[in-house]
Amino acid sequence: RPGWHTECAVFINIYGGVDVHTGGVDLCFPHHENEVKQLQSMDTFTPRFMHIGHLHIDGQKMAKSLKNFTTIRSFLENDDGRMVSQLRYMFLQVHYSDPMDFSNEHFEQSKRQLHLLHNIVETIRNSIEEHKFNSNSYSSIDNSVLITDYQSFNNRINEHLTNNFQFSLVLKDLHDYRTKVFDYINKTDNPSIHYLKSVKQI
């Protein structure tokens with residue numbers, strides 16, 4: 001279907017190019033490869049492609065013909081106010097270019113993991129409130145290991161995001177760091193308010 005490729009290339013050329021061109025992984029060849037060649041022949045800027053993995057439902061590709069088709073709107077009909085963030089968390093666990101298998105088990109697991117992150121935020125808030133009148137808690141952080149861990153964590157997050165949006169690795173490191181922060185709060189008599197406020201902003 002050469003007309004299909006031409007249509008996309010012409011639109012991109014008319015509007016002066018695009019920075020990011022998305023599409024399903026099934027469009028890599030022949031559609032996008034032909035589109036690139038046509039854009040190059042017009043000396044038009046070739047966009048960066050982001051190919052999205054297919055959504056599977058309980059191990060099968062979602063399709064109307066399989067009668068396993070659903071929409072986010074219908075899924076959220078029974079939203080209790082938390083399902084949007086839970087659904088987003090579940091999507092972030094899989095790289096955008098990989099296929100994602102949706103199941104109720106996977107969704108429930110995502111809900112539990114997100115709850116752990118909400119829990120550590122609440123724990124930090126409570127600790128700050130508990131120690132806000134303790135002058136020792138406002139001293140500078142003298143724990144070099146704590147500082148190193150914090151800096152290393154932020155560096156890793158930046159690396160994951162600049163390396164093709166590796167959000168699944170971000171979440172893994174976030175949970176590892178969550179455990180360290182939880183241990184620090186529970187094992188420290190006067191946790192640093194400055195440190196906790198910095199962590200809470202992540």
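Helices (H or I, at least four residues) and strands (E, at least two) are taken here as DSSP runs, numbered from the N terminus. On that basis, the protein chain has eight helices and five strands, and going along the sequence they come in the order α-β-α-β-β-β-α-α-β-α-α-α-α. The model is a predicted one, so to speak of local features a pLDDT of at least 70 is needed, side-chain atom pairs count only at pLDDT 80 or more, and totals for chains, interfaces and linings use all residues. Residues are numbered from 1 along each chain as its sequence is written, and side-chain values use heavy atoms, with hydrogens and water left out.

Overall dimensions come next. The radius of gyration, taken over C-alpha atoms, is 23 Å for the protein chain, whereas a compact globule of 202 residues would be near 17 Å. The globule rule behind that figure is 2.2 Å times the number of residues to the power 0.38. Along the principal axes, the C-alpha atoms fill a box of roughly 70 × 45 × 25 Å.

As for the surface, accessible areas come from the Shrake-Rupley method with a 1.4 Å probe, and for residues only the protein chains shown count as cover. The accessible surface of the protein chain is about 13300 Å², with 52% of it belonging to carbon and sulfur atoms. Of the 202 residues, 31% are buried; buried means under 20% relative accessible area, exposed means over 50%, and partly exposed is in between (1.4 Å probe, protein chains only). Contact means heavy atoms within 4.5 Å. Among contacts with a separation of 6 or more, 65% are between residues 24 or more positions apart. On the charge side, there are 20 positive and 24 negative side chains, and the centres of the two sets lie 3 Å apart. Lys and Arg count as positive and Asp and Glu as negative, while His and the chain ends are not counted; each charge is placed at NZ of Lys, CZ of Arg, CG of Asp or CD of Glu.

Helix H4 gives a look at the packing. This helix spans residues 83-92, and its buried residues are Met 83, Gln 86, Leu 87, Tyr 89 and Met 90. Viewed down the axis of H4, these buried residues fall within an arc of 160 degrees, so they line one face of the helix. The arc is that of the directions from the helix axis to the C-beta atoms. What the buried residues of H4 pack against is helix H3 (72-75), strand S5 (100-102), helix H5 (104-131) and helix H7 (167-187).

Helix H5 also holds Thr 123, which counts as buried at 17% relative accessibility. Leaving aside neighbours within four places in sequence, Thr 123 is in contact with Phe 182 and Ile 185.

Then there is the backbone. Most residues other than glycine have a negative phi, and most peptide bonds are trans. Phe 29 and Pro 30, however, are joined by a cis peptide bond, with omega about 5 degrees. Pro 30 sits in helix H2 (residues 28-41). Helix H2 also contains Glu 33, which is partly exposed at a relative accessible area of 45%. Glu 33 and His 5 are 28 residues apart in sequence and 8.9 Å apart in space, C-alpha to C-alpha.

Positive phi values turn up in loops. Lys 67 has phi near 60 degrees; this residue is in the loop between strand S4 (60-61) and H3 and is exposed, at 79% relative accessibility. Asn 164 has phi near 65 degrees, lies in the loop between helix H6 (144-162) and H7, and is partly exposed, with a relative accessible area of 37%.
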